[in-house]
Amino acid sequence: MQNVQLIDHPLVKHSLTILRDKNTDTETFRRHTAIVSQIIIMEASRSCKLTKKQIETPISETTGYEIYRSMVFVPVLRAGISMLVHSRDFLPWTPVGFIGLERDEETAIAREYYQKFPENIEKKLVLVLDPMLATGGSVSDTIARLKEKGAKRIALACIVAAPEGIKRINDAHPDVHIYTTAIDDHLNEKKYIVPGLGDFGDRYFGT
Ligand code: PRP
Ligand code: URA
């Protein structure tokens, strides 16, 4: 395994336990998705560049910093929307691209149904948002599409990753850094993550 950063902050471990619990209701699931997503975004934005800015406090002049607006979010529909809505507060000016992918229930192979990316992604750090990295098919396809459009710096933010998915991204896209709050054990015969948390989209959207 390479290029993987495990974010195991105590707040994350607490929230993740609530997300994993099958008895957690939709409202609570959303609340803890917010906490986990915001912590991941904080970590993933650590590599953002800063520009210096001269300002005046009520007391004196000082040098401050502004984040250089160099990021793009790309949530993978539908579950990636959950991470987007809870992350926007930190970087509210960030352009957003969308890709719609849905896994076939039988084959676990993702089908693309929508794509719209902002201009100039070749100059930006593109952060793909998808809470679940299972076989890695959805994210690997997303990254391939982004590269076709010229993206050069791509990272992935996810909540739970399976070793199989990490390996797939490492093999197909060794340049992509992965931020995750959990690396689980394996995939079951239906390609669900074990222990995982079940179907993220269904639990978050209450379907
Ligand atoms: C889930 C999840 C990922 C994908 C992960 O989406 O949100 O996008 O599966 O699986 P993979 O790594 O094996 O591709 P799903 O296809 O269930 O669609 P949804 O987001 O609409 O629920
Ligand atoms: N998608 C999910 O939502 N959960 C899994 O365990 C695998 C794919």
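This is a predicted model: local features need pLDDT of at least 70, side-chain atom pairs count only at pLDDT 80 or more; totals for chains, interfaces and linings use all residues.

Residues are numbered from 1 along each chain as its sequence is written, chains are lettered from A and ligands numbered from 1 in the order in which they are written, and side-chain values use heavy atoms, with hydrogens and water left out.

**The sheet.** Colour the strands and you'll see seven of them in an open, mixed sheet, ordered β1-β11-β9-β7-β4-β5-β6. Helices (H or I, at least four residues) and strands (E, at least two) are DSSP runs, numbered from the N terminus; two strands pair if DSSP finds at least two bridges between them. Because β1 (4-6) and β6 (110-116) each have a single partner strand, they stand at the edges with one side left without a neighbour in the sheet. From one strand to the next, the twist averages 20 degrees.

Now select 125-129 and 153-158: these are β7 and β9, paired in the parallel sense over five bridges. Leu-127 sits opposite Ala-155 in β9.

**The helix.** Next, pick 137-148. That's α4, which packs on the sheet and touches β4 (71-77), β5 (98-103), β6, β7 and β9; contact means heavy atoms within 4.5 Å. The direction of α4 makes about 150 degrees with that of β5 (axes are lines fitted to C-alpha atoms, for helices over the stretch in contact, and angles run from 0 to 180 degrees between N-to-C directions).

**A loop residue.** Jump to Asp-89, in the loop between α3 (80-85) and β5.

**Ligand 1.** Show what lies within 4 Å, heavy atoms only: 15 residues surround ligand 1, and the closest are Arg-103, Asp-130, Thr-135, Gly-136 and Ser-138. A polar side-chain atom of Arg-103 is 2.7 Å from a ligand 1 oxygen, and one of Asp-130 is 2.6 Å from a ligand 1 oxygen.

**Ligand 2.** Which residues are around ligand 2? Among them are Arg-103, Met-132, Lys-191 and Tyr-192. Look for a backbone N or O atom of Ile-193, 2.8 Å from a ligand 2 oxygen, and one of Phe-200, 2.9 Å from a ligand 2 oxygen.

Key:
A polar contact is a pair of N or O atoms within 3.5 Å; within protein, one must be able to donate a hydrogen and the other to accept it, and residues adjacent in sequence count only if both atoms are side-chain atoms.
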